[in-house]
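Take each task in turn before reading its solution.

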Amino acid sequence: MHEFPITQQIIKLAEKHATELCASRIKSIKLVVGDYCGFVGDSIQMYFDVISEGTLCEGATIEIEHVKPKMKCTGCGSLFEREFLSFACPKCGADGEPTEIGKEFYIESIEIER
Amino acid sequence: MHDVLKVNMMANIHDENDHIASHTNEDLTDRHIYVINVMGAPGVGKTTTLKNIIKNLKGLKPYVIEGDIESDIDTRDLRSLGIDTFQINTFGACHLDAPMIHNQVQNIKFDEKGVLFIENIGNLVCPAEFSIGEHCKMLISTVTEGSDKPYKYPLAFEKADAIILNKVDLLPYLDFDEEFYMKGVRALNKEVPVFKVSGKTGEGFAEVAAWIQERAQEEKTAHHHHHGDENGHHHHHEHDTAHNHD
């Protein structure tokens, strides 16, 4: 359910861009999706196949680059992936703080045919 | 023969939602309405918390938008107390988004300055990802959910501007590890105020209401100063890199 409106938005953005470039068809869409953005790639593809019918996106493939969330250590400054039930830095043990890494959710590029 | 071309887009998929949210935010700020996005898992006492805060709120008229997947039980409950309440049913969707709130707000007559509480869908995951035009995200957490919640649902705790820890009257009967809970909260969100309350006894809500009144006042003053500032980006949650912990 959650991915439905977001998939509509992806199609809308890609179509708008492709139309401006006089494309006849969109072949593929590359998304960058952080694990914390809360969207499931398989669900996006599933909705996409249904909603894209009759649009420039029909038949396009969705390629997803996943990004693992990282915290930044408040002690030594290194970036790390957290363990379950802990925010401690694996190098020095100090707590990490949140960063924007892992929250990405954007269309990086599209492949179009003209 | 077709000409295939790869084009960079770098288009943020949330842009349209965020654009509508900031529109709602500006509109309501102009009308002296302070907007609170109330988030929390099902059963944490979101509606009970609202009722208790509203009871303690001075000089500001409360307005409520109730977001539910189905039913209007909470809306009828709040209306019976004389609170201006409006219902949104999402019929399956797990969070409210900016267009839903934007449409609903058009139907509300804000006849006095006040606070608009928007009770989001009971869910600790998705609501944190969508701005709906709020000045403040208020997370309701409880001692009955367990002290590991900041570690399991970090985004909700990171994004919160205020955290309510509800049901503290039950602490004697539970193994809630407050130190572990607060350590998780502080790692994610250094300065967020945490209010311990009990919907059962009513303790702690006067402090929450006073905090809201102060924030609403600051928002109004800040807005007044910013008028005409075309760079008036609304509230962005930045974390400074200072090393001081509580």
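This is a predicted model: local features need pLDDT of at least 70, side-chain atom pairs count only at pLDDT 80 or more; totals for chains, interfaces and linings use all residues.

**Exercise 1.** Find out which element of chain B gives the most to the side of chain B that touches chain A.

*Solution.* Start with the contact as a whole: chain A brings 30 residues to it and chain B brings 29 residues. Next, look for elements of chain B that supply at least two residues each; these are β1 (4-12), α6 (154-159) and α7 (178-188). Of the elements, β1(B) gives the most, with nine residues. Finally, sort this side of chain B by class: 15 residues are nonpolar, eight polar and six charged.

**Exercise 2.** Work out in which sense β1(B) pairs with strand β6 of chain A.

*Solution.* Locate β6 of chain A at residues 105-113, then follow its seven bridges to β1(B): the pairing is antiparallel. To check one bridge, go to K6(B), which is the partner of E111(A).

**Exercise 3.** Explain why strand β5 of chain B is largely enclosed by the rest of the structure.

*Solution.* First, count burial along residues 114-119: five of the six residues are buried, so the strand is largely enclosed. Now look at its partners. Strand β2 of chain B (residues 33-39) pairs with β5(B) in the parallel sense over six bridges, and G114(B) is the bridge partner of I33(B). Strand β3 of chain B (residues 61-68) also runs parallel to β5(B), over six bridges, with I65(B) bridged to I118(B). Residues touching I118(B) include V35(B), L96(B) and I132(B).

Note on methods. Residues are numbered from 1 along each chain as its sequence is written. Chains are lettered from A and ligands numbered from 1 in the order in which they are written. Two residues are in contact if their C-beta atoms, placed from the backbone, lie within 7 Å. Helices (H or I, at least four residues) and strands (E, at least two) are DSSP runs, numbered from the N terminus. Ala, Val, Leu, Ile, Met, Phe, Trp, Tyr, Cys and Pro count as nonpolar, Asp, Glu, Lys and Arg as charged, and the others, Gly among them, as polar. Two strands pair if DSSP finds at least two bridges between them. A residue is buried if 20 or more other C-beta atoms lie within 10 Å of its own, exposed if 12 or fewer, and partly exposed in between; C-beta atoms are placed from the backbone. Lists of a residue's contacts leave out its neighbours within four places in sequence.
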